[in-house]
Amino acid sequence: MAYKILKKEEIAPSVHRMVIDAPDVAKAAKAGQFIILRIDEKGERIPLTIADFDKGEGTVTIIFQEMGKTTKQLAKFSAGEFLEDFVGPLGTPADVRKLGTVILVGGGVGVAPAYPQAKAYSKAGNKVISIIGARNKDLLILEDEMKDASSELYIATDDGSKGHHGFVTDIMKQILDSGEEVARVVIIGPPIMMKVGAGVASPYDVEILVSLNSIMVDGTGMCGGCRVTVDGKTRFTCVDGPEFDARKVDFVELMNRLAMYRGEEAKAVEKYEEKCRCGLH
C-alpha cells in the first residue's frame with residue numbers, strides 16, 4: 001500500500017511539512033508518538049515524530065529537516081506523489097494528564113513534536129507555557145500554531161533577531177525562578193539542548209521529561225539500534241519511549257551513539273548529491 005502526499009510546503013529553510021493520507025495511523029495516533037517511513041522499496045527506514053493528526057480527515061502531518069540522504073530525497077517529493085511505507089503510530093504516547101502548569105520547551109525542529117503535546121496538555125485542562133527557539137527568526141517554526149495551543153508563548157533566538165536574545169533554557173529558568181508553581185517541564189530538541197535544559201531544571205522541585213531521538217531501524221525493539229541508558233539500565237527508545245525522565249538519561253552516551261555513523265552519512269549525502277548534479281537522480 002502506498003501513502004499519498006496531500007500537501008507539501010517549506011516552512012523554514014530546509015524544513016518541510018507534509019500531510020499524508022494515512023487513515024489507520026491517524027485513527028490510532030496520540031501526542032508523543034512517531035512513524036517510520038520509506039520513500040521507495042529500496043529506501044532507508046527513517047523515524048519522524050507525528051507533528052499533527054486529524055482523525056476525521058485521516059491525515060498525519062510530519063515535519064522534517066534536510067539532513068541526510070533520505071531527508072534530502074524526501075524534500076524533492078511533491079503533493080500527489082506517494083511514499084512506499086508509512087508505519088505507525090509507534091512508541092509510547094506522552095503521559096498527558098491534568099497536572100496544573102506545564103512548561104513545554106521546543107528547540108529547532110523539536111517544536112514539531114512539542115506542538116501536539118501543547119494541544120493535548122491544554123485539552124487536559126493544564127496551563128501550558130510554551131517556549132520555542134531557533135538560531136534565528138527565519139528558522140522558527142509553528143509560531144502561530146504554538147501560540148494558539150498554549151496559555152503563554154515565549155520565543156528565543158540565538159542571534160536575538162526575535163524574542164529573547166539567548167537560549168530557550170534562559171526563559172525556562174526565569175519562569176522557574178518566578179515562583180510560578182510548575183508541575184512538569186517537557187524539553188524536546190537537539191540532544192545537547194535537552195541535556196543542558198535538564199541540568200538547568202534539575203535543582204528545582206519539578207518533573208522533567210525529554211523526548212529522545214536515538215538511531216532507529218525497525219521501530220519495534222528488535223534491532224536494538226535505539227538503545228539508551230536510563231537510570232543505569234538499557235531502554236529502547238522505540239518501545240519504552242521516546243519520553244523519559246530527563247534526570248536519569250545518559251545524554252553523553254546518546255550523543256556518542258548518534259555520532260557513530262556520521263562519516264557514512266556524509267558519504268551517502270555526497271554520493272547522492274553527485275548523482276543529482278549529473279542528472280542521474
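Modeller: Contact here means heavy atoms within 4.5 Å. This is a predicted model, in which local features need pLDDT of at least 70, side-chain atom pairs count only at pLDDT 80 or more, and totals for chains, interfaces and linings use all residues. Residues are numbered from 1 along each chain as its sequence is written, and side-chain values use heavy atoms, with hydrogens and water left out.

Colleague: What covers the buried residues of α6?

Modeller: The cover includes β8 (101-107), α5 (168-177), β12 (184-188), β13 (207-211) and α8. Helices (H or I, at least four residues) and strands (E, at least two) are DSSP runs numbered from the N terminus. The buried residues (under 20% relative accessible area, 1.4 Å probe, protein chains only) of α6 are P191, M193, M194, G197, A198 and A201.

Colleague: How do you know that they line one face of α6?

Modeller: Taking directions from the helix axis to the C-beta atoms, the buried residues fall within an arc of 155°, so they line one face.

Colleague: Why is α6 called roughly antiparallel to α8?

Modeller: The axes, lines fitted to C-alpha atoms over the stretch in contact, with angles from 0 to 180 degrees between N-to-C directions, come within 10 Å and cross at roughly 175°. Roughly antiparallel requires over 145 degrees, so α6 (residues 191-201) and α8 (residues 251-258) qualify. P191, I192, M194, K195 and A198 of α6 meet F251, V252, L254, M255 and L258 of α8.

Technical notes
Angles under 35 degrees count as roughly parallel, over 145 as roughly antiparallel, 65 to 115 as roughly perpendicular and the rest as oblique. Buried means under 20% relative accessible area, exposed over 50%, partly exposed in between (1.4 Å probe, protein chains only).
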